[in-house]
Amino acid sequence: MFLQFLFISSAVLTVSCALGVLMVKNIMHSCVFLLGSLMGIAGLYATLGADFVAITQIMVYVGGVVILMLFAVMLTGGNDFVSRAQNLLGLPASMGNKWTYAIGLLVGVVFLLTNIQLIRGLTKALPVKTITNEFPSTVTQIGHLLVKDHVLAFEMSSVLLLGALVGAAIIARPRKQN
Amino acid sequence: MNQTVVSYLSQYEFYDFLLALFRNNQGVLAFTLYLLLALIIVGMCATIGGLGTYAERKISADLQARIGPNRVGPYGLLQMLADGVKMMTKEDIMPFTADKKLFYLAPLLCLTGVFATLAVLPFSSGFIMADLNVGIFYLVAISSLVGLGVFLGGYASNSKWSMLGGMRGASQIISYEIPVTISILAIVLLAGGMGFGTIVGRQGGLPHEWFMFHNPFAFIAFFVYSVGALAETNRAPFDLPEAESELVSGYHTEYTGMRFGFFALAEYIEVFVVCGVAASLFLGGYNVPGIKLDILPMQAAQFVIFMTKTLVLYYVVIWIRWTLPRLRVDQLMSVCWKYLTPIAIFNLMGCAIWMVVFNGKSIAELVLGSH
Amino acid sequence: MIPAQFDALMPIVIFMGLAILLFFGGHYLSVVLAPKKPSHLKSTPYECGELPVGSAWSMFNVRFYVVGLIFIIFDVESVLMFPVASIFRELNDMGQGGYALIIFLSFISVLIEGIAYCWKKGDLDWVKSFQHSHKKENK
């Protein structure tokens, strides 16, 4: 009962905020809608019992990426440059013309059909499972996997993050004018 | 498996009686119990937040040889009610240049972020709303909503003071999250789990059983955590986002009446929460010295112990505010990135090495030779 | 009788709901109780009594963005360290403490490398690196 409530509210939050990100013209409002959408995804993870991933979603995306996006918007001076141009559907012009919409629709239909095929195959193979009341910890399992089976990936991820840090520092550094 | 306050209560007989009252509907009973206890906690925390403003003024008056509020009620204790009523009856003013939707949303984000942390705060071994396996990790993650609220509050006001305060606030909160998180990691490493029940259960009631005195690295980690927590809650000497002598009132310059009240309430409850976290991570939490019994009256004793530790830390936070001068913004950043973060990483490595070399024993266990 | 465990998430939702409820309740009370006499001058943004000049939404310094970038990277690193740290004691009790220590320390040492690089190159300085660059520009 509660899980259904959590799932439905998270799903509604995710989808409606994702639509909001696309529909609003103010880029700051877009960022805030994105925040809602990411929170909704965290809720979806939580309903699946993936507690660690859900919290990671909040920690990295809500606490980090959204703030970074807001800072990035503030680099350009916030909402001073609202686009007034519109396309056929009354949406901002930067969201595309009729051709991009047509191609997007086509891709969407193909993607949907492929997904339906994939999911149909999966549901046949897997035993039908109702939502369980068990909520075991995933943290210990993830920890054991990181230390034993995927230790190389764990170590390499730190090197990857080091590369990202150095790259971020270099890009953001003021240019020397020689 | 996640323990909750309901699963704790269910081991007593009166739970079956309640269940019969609710016609064996587990979900509805659990919801009712949660709602009841959540209302109690919120009421308590709001009172503590209100008393915090009173304590702040009274203690500052003490430190500056003044009297402080003494007109409303005995010793001025009802001052907070007067303040609350005043806030409600003040006009809500919104700058006409403001971003209206975000202006409404910002206090709500602060309030939600702070209230959501209350769900995992361990008041006693039974009275912890949800002892999640990812407890402390969840608390760190969800409290980042406060930073967003501060930023959006500053942005939406479209006033120069607010904007500067909001930018400073957001960058300060996210920066100091790093040393705080790494200090918490050291404690997670020592405790062997992220749930508050695990962390507090690993400690004892007496000081030598606390994680603070477990090893020298954990001792330093406590201070790194405290400094970082002060900065994360925008308390002096890190109150740059609302520095009244340079930024008028910082990110809530344009907020009046009830909306300002929400920001203030969120801030004071957050101070309570970080003090509670410090008490449970480093200072033994709710453990009663010497007694290990699992009966219902013990819960009250544990609650009193927890609240005492937390409120002592709360006093220290206020004391620091009226003692130390404010930092400059460049000092703020260098303190975080050049001092606290390297020290926190060093502590984490030290704790890991200590765990392996001394097989997880604390100093007291090594000296006294117990276990 | 032990109740179902799934409701461990319920308190979080309830607390968030209470926050929203308190927020709207407070707003409602203030709408009922507070006076409403708006005037144009009252709702100008505060600028020490002067009329505000321009919008506050101006271009901000890139330093804030750099801090955000460095923060995210450390955030992700700490997220990766959390599960390993929480099973460290368990591994140590199983006699694999040395192995876990090597893995953990090598992960952290890369982190230290990153912060040492940023420190050396002056990306952690709030003011200094920009003064340096300005000096070079002036030359």
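What percentage of the 371 residues in chain B is buried? I found 58% of them buried, where a residue is buried if 20 or more other C-beta atoms, placed from the backbone, lie within 10 Å of its own.

I note that this is a predicted model, in which local features need pLDDT of at least 70 and side-chain atom pairs count only at pLDDT 80 or more, while totals for chains, interfaces and linings use all residues. Residues are numbered from 1 along each chain as its sequence is written, and chains are lettered from A and ligands numbered from 1 in the order in which they are written.

**Chain B, overall.** I looked up the secondary structure and found 14 helices and two strands in chain B; helices (H or I, at least four residues) and strands (E, at least two) are DSSP runs, numbered from the N terminus. The C-alpha trace of chain B spans about 65 × 55 × 40 Å along its principal axes.

**Helix 10 of chain B.** I then followed helix 10, residues 216-232, which reaches 24 Å from its first C-alpha to its last, close to the 24 Å expected at 1.5 Å a residue; the expected span is 1.5 Å times one less than the number of residues. Of the 17 residues of helix 10 of chain B, 13 are buried, and just after this helix Asn234(B) takes a positive phi of about 60 degrees.

**Chain B against chain C.** I counted as in contact two residues whose C-beta atoms, placed from the backbone, lie within 7 Å, and the contact takes 80 residues from chain B and 64 residues from chain C. Helix 13 of chain B gives the largest share of the side of chain B that touches chain C, 15 residues. That side divides into 49 nonpolar, 23 polar and eight charged residues, with Ala, Val, Leu, Ile, Met, Phe, Trp, Tyr, Cys and Pro counted as nonpolar, Asp, Glu, Lys and Arg as charged, and the others, Gly among them, as polar. As for chain C itself, I found five helices and zero strands, and 40% of its 139 residues count as buried.

**Chain B against chain A.** Here 25 residues of chain B are in contact with 22 residues of chain A. The largest share of the side of chain B that touches chain A, six residues, comes from helix 7 of chain B, and this side divides into 18 nonpolar, five polar and two charged residues.

Key. Buried ≥ 20, exposed ≤ 12 C-beta atoms within 10 Å, placed from the backbone.
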